[in-house]
Amino acid sequence: MTEQELQILVEKISQESFRLPFCHKASFNRRLKTTGGRYHLNSHNLDFNQLVFEKYGEAELIKVIKHELCHYHLHLANRGYQHKDLEFKQLLQRTGGTRFAPPLAATVYQVYQCQKCQQEVKRRRRINTKRYVCGNCQGKLKFLKTIEA
């Protein structure tokens, strides 16, 4: 999807779901890592994570667009536009937007095995096997592999 196609899609969703025009710029932002999109309070522009479209398709991107348009339209109307505000939650539910972005980054685990009791230990961060031992039997740990979950 190109930037121009995204702009057209956002304008179309704004008209259909909110019955209000979207008069600012919508674009993809590759620097977004964990969020699906961002609404800029000062410029009123919208940024979207391209990974949402690449990993989950257009249907999930539309839900994220609706979420950001809720922020946009409520802020321009001087109403509660933050996640905690009741007006935001009600508008989000009425339009069918998603409350949270789908997981974008895979979680990476380091797998260790105790040499004494053979128990496997999963950790997100690497540990120093010379310093740390098994929590069950205080046996020596050995690095096995790295897995994505």
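This is a predicted model: local features need pLDDT of at least 70, side-chain atom pairs count only at pLDDT 80 or more; totals for chains, interfaces and linings use all residues.
1. The buried residues of helix α1 pack against β1, β3, α3 and α4.

2. Helix α1 comprises 16 residues, and its first and last C-alpha atoms lie 22 Å apart, close to the 22 Å expected at 1.5 Å a residue. The residues buried in α1 are Leu6, Gln7, Leu9, Val10, Ile13, Ser14 and Phe18. Because these residues cover an arc of only 165° around the axis, they fall on the same side of α1. Gln4, Ile8 and Glu16, on the other side of α1, are exposed. Just after the helix, arginine 19 adopts a positive phi of about 55°.

3. Which residues touch the most other members of the largest nonpolar core? In this core of 23 residues, they are Leu6, Val10, Phe48, Ile65 and Leu69. Two or more residues each are contributed by α1 (3-18), β1 (26-28), β3 (46-48), α3 (58-76) and α4 (86-95). The most is given by α3, with 7 residues. Apart from this core lies another, of 5 residues, including Tyr112, Ile127, Cys134 and Leu141. As a general remark, nonpolar side chains in soluble globular proteins tend to be buried together.

4. Helix α3 has 19 residues and spans 26 Å from its first C-alpha to its last, close to the 27 Å expected at 1.5 Å a residue. Why is α3 described as largely enclosed by the rest of the structure? The description holds because 14 of its 19 residues are buried. After α3 comes asparagine 78, with a positive phi near 55°.

5. Threonine 95 is located in helix α4. Is this residue buried or exposed? Its relative accessibility is 12%, and therefore threonine 95 counts as buried, the cut-off being under 20%. The side chain of threonine 95 reaches the backbone oxygen of leucine 91 at 2.9 Å. Not counting residues up to four places away in sequence, threonine 95 touches Ser17, Phe18, Lys66 and Cys70.

Technical notes:
Residues are numbered from 1 along each chain as its sequence is written. Side-chain values use heavy atoms; hydrogens and water are left out. A nonpolar core is a set of buried Ala, Val, Leu, Ile, Met, Phe, Trp, Tyr and Cys residues joined through side-chain atoms within 4.5 Å. Buried means under 20% relative accessible area, exposed over 50%, partly exposed in between (1.4 Å probe, protein chains only). Helices (H or I, at least four residues) and strands (E, at least two) are DSSP runs, numbered from the N terminus. A polar contact is a pair of N or O atoms within 3.5 Å; within protein, one must be able to donate a hydrogen and the other to accept it, and residues adjacent in sequence count only if both atoms are side-chain atoms. Contact means heavy atoms within 4.5 Å. The expected span of a helix is 1.5 Å times one less than its number of residues. The arc is that of the directions from the helix axis to the C-beta atoms.
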